Every structure is written in C-alpha cells, then in structure tokens.
Amino acid sequence: MTDLLARLAQATEAMTEVPPPGYSGQVLRYDGLILECAGFPASPGTRCHIDTEDGKGATGEIVGFANGRNLLFLDQPGARITHGCQVHKMRGGHNAAMGDALLGRVLDAEGAPLDGYGPPDCPETRPLSGREQNPLARQPVDAPLDVGVRVINAALTVGRGQRVGIIAGSGVGKSVLIEMMTRYTSADVIVVGLIGERAREVGDFVSKVMTGENRAKTCVVAVPADRSPLLRLRAAHRATAIAEYFRDQGKQVMLIMDSLTRVAHARREIGLALGEQPTAKGYTPSVISMIPGLIERAGPGLPGQGSITAFYTILADGDDTTNDPVVDTARAILDGHFVLSRNQAQMGIYPAIDLTQSVSRVMKDIAEKPHHAAAMRLRRLIALYMENRDMMLMGAYSPGQDATLDEAVTLWPRIEAFIRQDIHEPASLEDSISALCALTGGAA
C-alpha cells in the first residue's frame, strides 16, 4: 500500500509539472546519414524526431554543433528527408529507465522490448553515460566468482568485479564460451549486450539462454549488425547502465559485451562521418578514448554495493592478437584476458582457451597459494608440450632427455580431458580447483 501511495504521489506531481518548451528547427543539409538543422538549445546525446516526405518520420541523436547548426546522426540511414523538414527535440535522450522488471527481458538500444511483451515497468532512471566514482572509495576485488567453466575457474580464476577480455578470431568459439558462462555462473544478475551480431545469432542465443531459472536473472540488450552505428553504441551504454543499476542494489552482476570490437567500429563510423582524422587501421581518436571510459564503468562498487564482473569479447582480425589497436587498448585497461586458440579449436579442444597466452591479473590475490602454484604448474606443462609437439610428431624427440617434458607428454591426455568441457556440463569452482590439484599433484 505504501508503494502504491508513493507512486500516486509521483504521478500527481508529474501532472502538475509545467512541460518544457518545444524546440524545433528545419533541415538545412542532409547526406543520407548526417543531418544539419537550424540550431536550437540541445546538448550532444539529445534525441530528435525528424519529419519525412513519406510521413513515417525518422529519429536521430545530436552528436555536435557548429556554426549555429546542430549535427544529427540518424538511426535510419537513407530516410526520405527533404530540405526544410522539421526537426523536433525529444525528451529523455540522456537517461535510461531502470527497474527489476528488466530481468527476463530482451530490449533494443532504446529500451523497447524485442520479446513480444509490453514495455517493462521501470520507475527509476539512470544516466546512460554512467556516474563517476571515486576510485579510492571502490571496494577491492578480493573474492572469486564461479563462472561454471573448469579451465577458467581452476587456472584463470576470476574475481568479483574483474574486467576480462576474450580475444579471438572469428569462428573459434567465443559465442559458445559466453553461453556457458551465462548458463552456469553464480552471479545474481546477468546482463548481456549483443552488439553488432547477426540477427540469427541473436535469436539463437536468446532461445538457449533465456530459459528456466536463468531467465529470471538475465537481461539482454540486442542490436543486430544491420542497425545504425549510433544504435550499436547506444546499446553498449544501455547494457552497462543496467549493470550499474543492479550493482548499486547490492547485486553481484555479470556483464557480457559481445563484442567490444563492434562497439569500436560503431564509434569509428560516427567519428569518420563527423570528419575525425583516422589513425591506425582507420580508428579515430574518439575510439581510443571511448574504450577506457566504457570499461571503467564496470568493476566493484562502493561499500554496501555489489560489483560488475565484465567480459568483453574482442575480435582479432586474422588471428592477430598483438597489433590490433582495439586489442592493445583494451588489454592495457582490462584486469586480464583470455586468448582463444585456433589450433586448439582445430584439435577439437573446447573451450579453446590458450593458457600460455591468457592471464588473470587478480588470481594471485584471490586464490590460495597451493591453488595458484598448481595453476602455474599446469601452465608450464602445457607450454612445454605445445612447444615440442611438432618435434615429437616428427619422431625427433626421445624420452629421457627432459624429465619435465616427459611428464607433460605422460599427463597430456589428462590435461586435454581437463581443459575440454561439454557445453551442457557445468563445473563448479570447488570441483574445478580439486580437479586441477589432483592433475598436477598439488594439495586441494
């Protein structure tokens, strides 16, 4: 009853508010994507509606202004806009509606439902761009998070509030890995941002993940690859804002962004359209500044709040995991990265995480010493085996020359079985650590 009275009071107060004056202008220039209109008071991020020749209308967002004109980037490229069409300022472009009703829902970049149900009842609002937090006031990353994947739990243990990149080329198993983590994690809330994915993959992922008990704690924000770059960028910010909202409620949140590379591509398209000068691989300076700003919004919250454990998939063109600007920028700001190996995938070892190139920067702070030592021993055995695999296949190695290599060869069938995990086979944190210590001869 108290909640009902409070909502009635808010509704009454809203009815008595004086609506803001309506601002509008006329289209002065339009090139199919960027639109210039006669200036009216509006900051970047403001949403606008544009009248069109066919009466359907179009929407866009103000991304800047110059010479007394507002610059808009359209959501619908190629809209039938003519010189002199009216541009109307809309309300609410900087904020996102929030509430527990977001759980179990699939939304687009604007927060509209894609799952066929009505709009979620969200009584609160949060800024899409997030709120700055004092880094010294944030809680430390001092407890592990069970992600349900054995090789990660055991050898790359993830902490609550850690930010991790999943780096790989196309077709190496990124989608399967994030599907496993989404199904089996112990997090209270799961927020998934599917940015720039194929429409078929979006439907397939939602049908597999949004089922049973998992549905009640999952929210998906999806924008397929054929949508405007502005919507793809906006979806990334909305997914992060939703994760921030539940973190502030004291929840342990897992945020999965698939993929950070396509978010960077969207920012690059917008920057190039606005005349920014391209740098390495055509990326504009705004891309390099956007990535840290987006990633730093995740992580542990303030005392009394929860945390956001974030995973960002990063595409490595041509399996190049060292020279891509997005990979380098993300790896520098993230708290760890998992590199997926095409060689392991071709050997049928899934998830194809290459332990020798992957690292969790917080593992030694959250893992017991015997556990950490066992993980380091496993890493050495795998590295030694893979370095000498070709030589052994050619028959150029004889047992007895290197005791550690002999041990790696002897244990390899067990190591391979340890790494390999079926998508329908969850592995708890405790079981994963016990299996690792049993494999390497360490104490559980």
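This is a predicted model: local features need pLDDT of at least 70, side-chain atom pairs count only at pLDDT 80 or more; totals for chains, interfaces and linings use all residues.

User: What makes β7 and β9 a pair, and in which sense do they run?

Analyst: Strand β7 and strand β9 (residues 124-127) are joined by 4 bridges, and since a pair needs at least two bridges, the two strands count as paired, in the antiparallel sense. Within this pairing, M98 stands opposite E124 in β9.

User: Which other strands pair, and over how many bridges?

Analyst: Strand β3 (residues 47-50) runs antiparallel to β4 and is joined to it by 4 bridges, with E61 of β4 as the bridge partner of R47. On to the next strand, β4 pairs with β5 over 6 bridges, again in the antiparallel sense, and there the bridge partner of E61 is F73 in β5. E61 therefore has a bridge partner in each of two strands that meet the pairing rule of at least two bridges.

User: What lies between β4 and β5 in their hairpin?

Analyst: The hairpin has 2 residues between its strands, and N67 lies in the turn, that is, in the loop between β4 (58-66) and β5 (69-74). Most residues other than glycine have a negative phi, yet N67, which is not a glycine, has a positive phi of about 55°.

User: Why is N67 called exposed, and what is K281 called?

Analyst: Exposed means over 50% relative accessible area, and N67 is called exposed because its value is 80%. K281 has a value of 45%, so it falls between the cut-offs of 20% and 50% and is called partly exposed. K281 is found in the loop between α7 and α8 (285-295), and its phi near 55° is likewise a positive value in a residue other than glycine.

User: What makes the peptide bonds from D258 to S259 and from Y350 to P351 worth a remark?

Analyst: Most peptide bonds are trans, whereas the bond from D258 to S259 is cis, with omega near 10°, and the bond from Y350 to P351 is cis as well, with omega near -5°. S259 has its place in the loop between β13 (252-258) and α7 (260-273), and P351 is found in the loop between α10 (342-346) and β17 (359-360).

User: Why is helix α3 described as mostly covered?

Analyst: A residue is buried under 20% relative accessible area, and in helix α3 (residues 174-184) 8 of the 11 residues are buried. Among them are K174, L177, I178 and Y184.

User: How do you know that the length of helix α14 agrees with its number of residues?

Analyst: Helix α14 (residues 429-440) has 12 residues, and at 1.5 Å a residue it should span 16 Å; its end C-alpha atoms are 17 Å apart, and therefore the two values agree.

User: Which residues of α14 are buried, and why are they placed on the same side?

Analyst: The buried residues of α14 are L429, S432, I433, L436, C437, L439 and T440. They are placed on the same side of α14 because they cover an arc of only 160° around the axis. An α-helix has 3.6 residues a turn, so residues three or four places apart point the same way. The buried residues pack against α2 (150-155), α12 (369-393) and α13 (403-419), while E430, D431 and A438 are exposed on the other side of α14. After α14 comes G441, whose phi is positive, near 80°.

User: Into which domains is the chain divided?

Analyst: The domain assignment gives domain 1 (20-89), domain 2 (95-359) and domain 3 (371-440), and the centres of domain 1 and domain 3, taken over C-alpha atoms, are 59 Å apart. Separately, an unreviewed UniProt entry carries the annotation "domain: AAA+ ATPase" for residues 160-351. That span is 44% helix and 23% strand, and its end C-alpha atoms lie 22 Å apart.

Definitions and conventions. Residues are numbered from 1 along each chain as its sequence is written. Side-chain values use heavy atoms; hydrogens and water are left out. Domain bounds come from an automatic or database domain assignment. The expected span of a helix is 1.5 Å times one less than its number of residues. Buried means under 20% relative accessible area, exposed over 50%, partly exposed in between (1.4 Å probe, protein chains only). The arc is that of the directions from the helix axis to the C-beta atoms. Contact means heavy atoms within 4.5 Å. UniProt positions are given in the numbering used here, feature names are shortened, and annotations may be inferred rather than shown by experiment.
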